[in-house]
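Opening the notebook on this one. I'll jot down each thing as I look it up.

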Amino acid sequence: MTTTEAPSALSFECETGNYHTFCPISCVAWLYQKIEDSFFLVIGTKTCGYFLQNAMGVMIFAEPRYAMAELEEGDISAQLNDYAELKRLCTQIKRDRNPSVIVWIGTCTTEIIKMDLEGLAPKLEAEIGIPIVVARANGLDYAFTQGEDTVLAAMAARCPEAATSEADQQERTNAIQRLLQFGKSPAAEQQPASSKHPPLILFGSVPDPVATQLTIELAKQGITVSGWLPAKRYTELPVIAEGSYAIGLNPFLSRTATTLMRRRKCKVIGAPFPIGPDGSRAWIEKICSVLEIEPQGLAEREAQVWDSIEDYRQLVEGKQVFFMGDNLWEISLARFLVRCGMRCPEIGIPYLDRRYLGAELAMLEATCQSMGVPLPRLVEKPDNYNQLQRIEALQPDLVITGMAHANPLEARGISTKWSVEFTFAQIHGFGNARAILELVTRPLRRNLALGTLGGSQWVSEAVTSR
Amino acid sequence: MKLAYWMYAGPAHIGTLRISSSFRNVHAIMHAPLGDDYFNVMRSMLERERNFTPVTTSIVDRNVLARGSQEKVIDNILRKDVEERPDLIVLTPTCTSSILQEDLQNFVERAKESAQCDVLLADVNHYRVNELQAADRTLEQIVRFYLDRAQRQGTLSNQRTEQPSVNILGMTTLGFHNRHDTTELQRLMADLGITVNAVIPAGASVEELQHLPRAWFNLVPYREVGLLTAQYLKETFDQPMVAIAPMGITATADCIRQIQQVLNQQGAAVDFEPFIDRQTRFASEAAWFSHSIDCQNLTGKRAVVFGDNTHAAAFTKILSREMGIHVVLAGTYCKHDADWFEAEVAGHCDRVLISDDHTVIADAIAELEPAAIFGTQMERHVGKRLNIPCGVIAAPVHIQNFPVGYRPFVGYEGANQIVDLVYNSFTLGMEDHLLEIFGGHDTKEVLTKTVSADSDLDWKPDGLTELNRIPGFVRGKVKRNTEKYAREQGLTAITAEVLYAAKEALGA
């Protein structure tokens, strides 16, 4: 066991990468719901299907707009023709569901047998008349939420450079107007979004209520959101013109950011993510500073949110939280929780893009210093076995981890919170800070409620010692 | 390629992992990409397992694709050997390793040289076998490995026990009610005066395997897992097997009679008939229940049965010959063993359906409109859509199918449980039907008002849109709170902005 001393600057380590996380194909679960006219076709094996079926739980029974193209032995040994097979399935999807876009999710198997999805897609697209977007969201290269990144990076290429026609312009504007029509006279609604600043695109999939809240928040500063990647419908993908500004909502979108910069010539604003009142304020301030707008009332807004979550904040104050790492939300969450008064000895994270996360890392460091707590060690590609040894030594008050370890840790008297819930809950913006603490404090509140019901050790002695 | 939304049996490696993690102190190492260890989540969640699932992954990433696994797999085996001190490590191939075609056997041979523990490569091919077949094979493989070795080393105990004894084969982790069935079978054996020599693999250690030949016979309660092992033990040690699932009163009696025969052939001179008679008439409620007046109402009711071979066949026969229910369709997703199923249910149903395509089953159910369905979780959801009640009788299952209370499906207590399950499914259906005929419950007053009615406040379209996004069961509360907030603030129009301001103000 290594003893952990407090480092004076953020320390970055890299372990073996032997950790538990969801396969990135899980992104279809939230993306098919977000993009209402899409159909996601995962080209893989029974293993992929089994994962999706079990991970998505009841969603699977709601006739989801996703399916497996399950590869059989004939596909692997190239006895069957990939193009003909995909055409057959996509034609069937077109007939049964008539989507506006089919997203092909490439998997480990398509990588290994080198199925040329990017090459097949344009041909088939021309033949069946439905756009086909290819995203290689596989477990060879990516973890969990990075699946969304691969899909959005592929979508970024499909965003129009300019409104192609008057009607198209009207449709796209209307889509945004629907989000912006609050509190304005009908006359104001008629006018196209005429803002004083260059166009601003927000990228990252968030639930529609969160999109509305963030739009309102920016509108208070006189900032107009020109478009969202992704939008509610594939047909409403935003116009991305050269020189537009773009800002990410989620910390795992580095490929999308890179694509927007390099391929679409956008200026990507680097800011902390709008997690917690501190992050939300920093996020808006950064946008304002780039767009040369004087932010209004943000300090009051932040203070007011802190007041409203004071009861939960007191519950976590002084407690220690350990992130095992599996969904790339870890740094933003840790930064917010440190600001809430928690200590955080270790942040595990699957992958750390120090450029895309630069502002967030700087804010984490500044937050730790201003709160007077030791800087956490950042462990990229963690090794779960080693982490369990460190958890045993540290005995943290809360471990944020995947479901594979949650019950065994609880049985050993360590409180846990299932990390995946942060991916599916509404956590962005001022208004949802409470939702984050709701999740974080739930095991603590549960422990208070249960009191001393039978103690905290639930494994027999013989097994504990292993 | 096949367009698929749902599968009944999982991929092969799940079967291997179910076997290895059922044993005590056996560790599995999957040769797989990141994210394929979802088995650990299922075991931890569904079984509410207190211990870490002894499965790790030797991760296949880009480097492995480029250069091969090289020392990685061996290093991982040796590392687990030191960290966990298992008796056996099972290297488990996945769909990925099936196509990479690395020489995993070679890794195993090399790891064996330095490892303290035994190392095996699970002999399963992703593209040829499913979860159930793989489980059956892996169990046989492990048993054969340890018996072969015991034979070579002369440590094999093949002297039969003095008193009649049994090995119960095929009880696994994540098996449908396996835990409860194990307890029930142990009780049944105790009642019959039969010693349980071993239960394999659940809770067993690999060291126990060399004592397997001591039992007088093997009991294989499930068709899907354990049969290969029992056949191997029969061929090698002349150990007879009883492969009748004791599910339902009649099948339990059949099973016990066959056990009697097997024991008497070895000179036991037992007569279980008085036991069967006493249990059937008085100890178990199931047979009496079938004769009671309530069960008359079930006569001729139409049911559809679908599941794995064991449970679907057993239920078809229970419904038809023990409860007088008309089984219009019986089906299984065990396509690899379809002949057995057809023979089992012959004469007990109108139609047999062999398919692993859930839409085919759903269509058949919609067409037949049975009064009740007995199937998997998928059929339960089909039933929900069609308003037909469903009792869940087979995997795939959800967490509610891993009950904490005692719910065996086998033996005499199992028969009681099954009767309750069947009866409750039908009465619920009947109640529903009567409610419909008589116009529902007595509800004169509509309790919830519609969203936009009766409000002095002006809900703007965007406010309404946001309100409608809020889940139905809390929408009323959110609406009231928002209006209260608007009145307090002196606002007359409610927009999305007001709604969210109210939400924040109330800290909800």
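Started at A:Cys108, which is buried at a relative accessible area of 9%; buried means under 20%, exposed over 50%, partly exposed in between, using a 1.4 Å probe and protein chains only. This is a predicted model, where local features need pLDDT of at least 70 and side-chain atom pairs count only at pLDDT 80 or more, while totals for chains, interfaces and linings use all residues. Residues are numbered from 1 along each chain as its sequence is written, chains are lettered from A and ligands numbered from 1 in the order written, and side-chain values use heavy atoms, with hydrogens and water left out.

**The cysteines**

I placed A:Cys108 in helix H5 (residues 108-112) of chain A; helices are DSSP runs of H or I, at least four residues, strands are E runs of at least two, and both are numbered from the N terminus. What does A:Cys108 contact, leaving aside neighbours within four places in sequence? I found A:Asn138, A:Gly139 and A:Leu140, plus B:Pro33 and B:Thr96 from chain B, with contact meaning heavy atoms within 4.5 Å.

Then I checked the record: UniProt lists A:Cys23, A:Cys48 and A:Cys108 under "binding site". They are spread over 86 residues of sequence, yet they cluster in space, with a largest C-alpha distance of 10.2 Å. A:Cys23, A:Cys48 and A:Cys108 also belong to the lining of the largest cavity. A cavity here is a set of points, on a 1 Å grid over the protein atoms alone, where a 1.4 Å probe fits but cannot get out; lining residues have an atom within 4 Å of a point. UniProt positions follow the numbering used here, feature names are shortened, and annotations may be inferred rather than shown by experiment.

A:Cys48 sits in helix H2 (residues 46-55) of chain A. I get 12% relative accessible area for A:Cys48, so it is buried. Residues up to four places away aside, A:Cys48 touches A:Ile25, A:Met68 and A:Thr107.

**Salt bridges**

A:Arg377 pairs with A:Glu13, closest N and O atoms 2.8 Å apart. That pair links distant parts of the chain, strand S12 (residues 377-380) to strand S1 (residues 11-14), 364 residues apart. A:Arg377 is buried at 12%, whereas A:Glu13 is partly exposed at 30%.

In chain B, B:Glu83 and B:Arg79 come to 2.5 Å between closest N and O atoms. Both lie in helix H4 (residues 72-84), four residues apart, about one turn of the helix.

Conventions:
1 Å grid on protein atoms, 1.4 Å probe; cavity = no way out; pocket = protein on both sides within 12 Å on 5 of 7 lines; lining within 4 Å. Salt bridge = Lys/Arg side-chain N within 4 Å of Asp/Glu carboxyl O.
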